[in-house]
Amino acid sequence: MVDQMDHIAETSDVSHYYPVNLAFHAELGAACGNTRLSQMYQNLVRELHIHRYRALSTKDTLFVSNAEHRAIIDAIAARDPQAAFLAGRAHILNGYDRSTAAQAMQQATGKPRTKPLDTTK
């Protein structure tokens, strides 16, 4: 899935990257075996959808985000829980920074960096 996101990132098409990104996060959550945690995450995804989508609205951001995914997967594959934790934490904090930057740009210009997906369909 991470390789697939690399290929999509080359096209700068966030509308194709975003659903695969959501699936990656959902599978990672499910793989931990904690159903309650996975449900909580899915609820959070619904709440933060527009912010996460806008935070991924540039080609460079797609590559950076996916490099962070790869670091998480590599740490898990190496069975290094500390590295996996640190990579996951960095991804969360960097995602927050990306979201904050996207929101600041929207406030400064009066319009979003990109049009969000319609999740009601």
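Predicted model: local features only at pLDDT ≥ 70, side-chain atom pairs only at ≥ 80, totals over all residues.
## Burial and the ground rules

A residue is called buried here when its relative accessible area is under 20%, exposed when over 50%, and partly exposed in between, judged with a 1.4 Å probe on protein chains only.

Residues are numbered from 1 along each chain as its sequence is written, and side-chain values use heavy atoms, with hydrogens and water left out.

## Overall fold

The protein has five helices and zero strands, giving the pattern α-α-α-α-α along the sequence. These elements are DSSP runs numbered from the N terminus (helices: H or I, at least four residues; strands: E, at least two).

Of its 121 residues, 30% count as buried. Contact means heavy atoms within 4.5 Å; among contacts with a separation of 6 or more, 66% link residues 24 or more positions apart. The protein exposes about 7700 Å², with 57% of that supplied by carbon and sulfur atoms. Accessible areas come from the Shrake-Rupley method with a 1.4 Å probe, and for residues only the protein chains shown count as cover.

## The largest pocket

A handy place to look next is the largest pocket, which holds about 1000 Å³ of space. Of its 30 lining residues, H25, Y41, R52, H91 and I92 are the closest to the centre. On a 1 Å grid over the protein atoms alone, a pocket is an open set of points where a 1.4 Å probe fits, with protein on both sides within 12 Å along at least five of seven lines; lining residues have an atom within 4 Å of a point. Grid points are joined across faces, edges and corners, and the volume is the space filled by probe spheres set on the points.

Helices α2 (14-31), α3 (35-55), α4 (59-77) and α5 (81-109) each supply at least two residues of the lining. By type, the lining divides into 16 nonpolar, twelve polar and two charged residues. Here Ala, Val, Leu, Ile, Met, Phe, Trp, Tyr, Cys and Pro count as nonpolar, Asp, Glu, Lys and Arg as charged, and the others, Gly among them, as polar.

H91 is found in helix α5. Leaving aside residues up to four places away in sequence, H91 touches H25, S65, E68, H69, I72 and R98. Its side chain is joined by polar contacts to the side chains of E68, at 2.5 Å, and H69, at 3.2 Å. A polar contact is a pair of N or O atoms within 3.5 Å; within protein, one must be able to donate a hydrogen and the other to accept it, and residues adjacent in sequence count only if both atoms are side-chain atoms.

H49 lies in helix α3 and is buried, with a relative accessible area of 13%. The side chain of H49 makes a polar contact of 3.0 Å with the side chain of Y18.

## Two loop residues with positive phi

S12 sits in the loop between α1 (2-9) and α2. Although not a glycine, S12 has a positive phi of about 60°; at 36% relative accessibility, S12 is partly exposed.

R79 belongs to the loop between α4 and α5. R79 is not a glycine either, yet has a positive phi of about 55°, and at 76% relative accessibility R79 counts as exposed.
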